[in-house]
Amino acid sequence: MRNLETDRPTATTARPVPGDRGLPVIGHTLSYIRDPLGVFDRRWEEFGPVSWFSGMGTRWVTLLGPDACEAALHNKDRAFANGDGWRLLVGPFFDR
């Protein structure tokens with residue numbers, strides 16, 4: 001089994017993804033339901049184009065703006081997987 005602390009590369013340009021949990025247990029669920037675009041506008045202002053937040057019982061990573069979206073959609077190095085995220089959102093409609 002890998003130990004993420006000791007198996008971490010010694011030289012990297014990667015930085016932690018900024019973000020916040022929001023309220024205990026519910027995270028940002030209520031503010032997202034009330035005003036999803038406002039939530040993302042505020043996240044852009046506070047954290048920039050890439051951030052994480054808790055909501056709807058799980059942790060989400062947002063990619064905002066054309067450059068971040070292009071990196072995810074092109075997915076040249078296959079760094080992004082979308083199956084689990086889509087399954088959570090639309091799976092109940094397709095998985096009978």
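## Ground rules and overall numbers

A contact here means heavy atoms within 4.5 Å. Among contacts in the protein chain between residues at least 6 apart in sequence, 43% link residues at least 24 apart. This is a predicted model, in which local features need pLDDT of at least 70 and side-chain atom pairs count only at pLDDT 80 or more, while totals for chains, interfaces and linings use all residues. Residues are numbered from 1 along each chain as its sequence is written, and side-chain values use heavy atoms, with hydrogens and water left out.

Next, the surface. Of the 96 residues in the protein chain, 21% count as buried; buried means under 20% relative accessible area, exposed means over 50%, and partly exposed is in between, with a 1.4 Å probe and protein chains only.

## Helices and strands

The protein chain has four helices and three strands. Starting at the N terminus, they run β-α-α-β-β-α-α. Both kinds of element are DSSP runs numbered from the N terminus: helices are H or I with at least four residues, strands are E with at least two.

The three strands make an open sheet in the order β1-β2-β3, with mixed pairing. β1 (19–20) and β3 (58–63) stand at the edges with a single partner strand each, so one side of each has no neighbour in the sheet. Two strands pair if DSSP finds at least two bridges between them. Strand β2 (residues 50–55) and β3 are joined by six bridges in the antiparallel sense, and V50 has L63 in β3 as its bridge partner.

## Two loop residues to look at

M56 sits in the loop between β2 and β3. Its phi is positive, about 55°, although M56 is not a glycine. Most residues other than glycine have a negative phi. M56 is partly exposed, at 43% relative accessible area. Leaving out residues up to four places away in sequence, M56 touches I26, T29 and Y32. M56 and T29 are 27 residues apart in sequence, yet 5.5 Å apart in space, C-alpha to C-alpha.

The other one is R78, in the loop between α3 and α4. R78 also has a positive phi, near 55°, in a residue other than glycine. With a relative accessible area of 75%, R78 is exposed.

Helix α4 (residues 83–94) has 12 residues, but its end C-alpha atoms are only 13 Å apart, short of the 16 Å a straight helix would reach at 1.5 Å a residue. That expected span is 1.5 Å times one less than the number of residues. α4 is hardly covered, with one buried residue among its 12.

The largest pocket has a volume of about 980 Å³. On a 1 Å grid over the protein atoms alone, a pocket is an open set of points where a 1.4 Å probe fits, with protein on both sides within 12 Å along at least five of seven lines, and lining residues have an atom within 4 Å of a point. Of the 24 lining residues, W60, V61, L63, N82 and W86 are the closest to the centre. β3, α3 (66–74) and α4 each give two or more residues to the lining, and the largest share, six residues, comes from β3.

Methods:
Points joined across faces, edges and corners; volume = space filled by probe spheres on them.
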